[in-house]
Amino acid sequence: MNRREKAEKVAEVYAASFLQDAIGQDIYIGSHIERLLADKVNLIYQYVEDENYFGAAIQHQNGKQFVVLNTFHSLRARYFTAAHELWHLSEGSLMQDEDFDHERAADRFAAAIMLPKELTKQLWNKFKKQDDEIAILKIADLADVPYVAVVRRLRELGENVPSKKITEIEWLKKRSVLGFPISVSDDSSKETRFVAYEHAVRENVEKNGLDILTAANKLSKFAPRLAEHYQSTALSRGHEVDA
């Protein structure tokens, strides 16, 4: 067994265990993956116009863990990235040696928890009776994952998916041609937010009397909506706000 095969096999095992504990294997996690991730780490939503940057997992020297998700990408891609980063926090990741292929394992782990084996095979065999492209689009919508991830997962599961080496953008065109409605999951949220920092500043305002203009300045990059709210409140109270 080579490094790639070992990584994929280990990831599948831990994915099955994770699903059993978290939500079961008979429904898709979809957007709930970010809630599961937020239960473990501090999430940072960052908007970076870089199609090759999806996110990162960071551990501070004090032991606190952070996961950054780039909101430049579609919601489908963002949810899959969240699942990918979850591998790096998992017990399965911590138990492997230095030679282990963690990036391959993270991709396989993400595919396995976002597209559970039996459920995905069951729906594929049902939907493909109509058309295999329609089946892929339907599964992608149900699971809230990229279209290319569905194709790759079906092949990993041993299913015959003929001639589907096309890009995510080409899948979007097919979606339109086949009469599928517009999906918000194909759009990005373009938000910037650091929830833990936002909560800390809010708590300082409410419990320690931190000036709301100071709070607004602190939050301008990490929680712009709350910063705007504080600025608006300050203006209504007669504060002067710098342009």
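Modeller: In what follows, axes are lines fitted to C-alpha atoms, for helices over the stretch in contact, and angles run from 0 to 180 degrees between N-to-C directions. The model is predicted, so to speak of local features requires pLDDT of at least 70 and side-chain atom pairs count only at pLDDT 80 or more, while totals for chains, interfaces and linings use all residues. Residues are numbered from 1 along each chain as its sequence is written, and side-chain values use heavy atoms, without hydrogens or water.

The helix pair α7 and α8 comes first. Helix α7 spans residues 132-143 and helix α8 spans residues 147-156; helices (H or I, at least four residues) and strands (E, at least two) are DSSP runs, numbered from the N terminus. Their axes lie 9 Å apart, and the two helices pack at an angle of about 110 degrees. This angle makes α7 roughly perpendicular to α8 (65 to 115 degrees; under 35 is roughly parallel, over 145 roughly antiparallel, the rest oblique). From α7, the residues Ile136, Leu137, Ile139, Ala140 and Asp141 meet Tyr147, Val150, Val151 and Leu154 of α8, contact meaning heavy atoms within 4.5 Å. Eight residues of this contact are nonpolar, none is polar and one is charged (Ala, Val, Leu, Ile, Met, Phe, Trp, Tyr, Cys and Pro are nonpolar, Asp, Glu, Lys and Arg charged, the others, Gly among them, polar).

Helix α7 also packs against helix α9, residues 168-177; the axes of α7 and α9 come within 11 Å and cross at roughly 105 degrees. The two helices are therefore roughly perpendicular to each other. Glu133, Ile136, Leu137 and Asp141 represent α7 in this contact, and Trp171, Lys174 and Arg175 represent α9. Here three residues are nonpolar, none is polar and four are charged.

Two strands pair if DSSP finds at least two bridges between them. β2 and β3 are joined in the antiparallel sense by five bridges; Gly55 has Leu69 of β3 as its bridge partner, and Ala56 has Val68. In the hairpin of β2 and β3, five residues separate the strands, and Gly63 takes a positive phi near 100 degrees.

Strand β1 (residues 42-46) pairs with β3 (residues 65-70) in the parallel sense over five bridges, with Gln46 bridged to Asn70. Towards β4 (residues 193-194), β1 pairs in the antiparallel sense over two bridges, and Tyr45 has Arg193 as its bridge partner.
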